[in-house]
Amino acid sequence: MKVLLMLMLASFMTPVLAAGNAEAGQQKAAACNACHGATGKASVTLYPNLAGQNADYLQHALQAYKKGERSGGQAEVMKAFVSGLSDEDMADLAAYYQGLKP
């Protein structure tokens, strides 16, 4: 009984990310392609490859850029790109990139 109660409480404390729509994410990825490549594989080593990355990780990263919680590297550039994205947009992009072959 204690274990069940602990699991229930933990579920309320863990942020749940919405599952995105990969097809919608592909349509929204046009601006991302300039740096991260049309297939999620960057042609310049300065930019990370996104193809095959975990969707939860990508969604958290996009949210952190938007909130200004990431710094260094291209964080300011990314913040400008994601500032207009909704949570749904981020979930869709994350689902799209997760589904690409690394």
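A residue counts as buried when its relative accessible area is under 20%, as exposed when it is over 50%, and as partly exposed in between, using a 1.4 Å probe and protein chains only. By that rule C32, at 22% relative accessibility, is partly exposed. C35 is also partly exposed, with a relative accessible area of 23%.

Before going further, note that this is a predicted model, in which local features need pLDDT of at least 70 and side-chain atom pairs count only at pLDDT 80 or more, while totals for chains, interfaces and linings use all residues. Residues are numbered from 1 along each chain as its sequence is written, and side-chain values use heavy atoms, leaving out hydrogens and water.

Now for the overall layout. The chain has six helices and zero strands; helices (H or I, at least four residues) and strands (E, at least two) are DSSP runs, numbered from the N terminus. Of the 102 residues in the chain, 30% are buried.

Let's look at helix α6, residues 87–98. Its 12 residues should span 16 Å, and its end C-alpha atoms are 16 Å apart, which agrees; the expected span is 1.5 Å times one less than the number of residues. Nine of the 12 residues are buried, so α6 is largely enclosed by the rest of the structure. Among them are M90, L93 and Y97. Which helices do the buried residues of α6 pack against? They pack against α2 (22–28), α3 (30–36) and α4 (55–67).

Finally, back to the cysteines. The structure holds zero disulfides, a disulfide being a pair of cysteine sulfur atoms within 2.5 Å. For C32, the nearest cysteine sulfur is that of C35, 8.9 Å away.

Definitions and conventions. Contact = heavy atoms within 4.5 Å.
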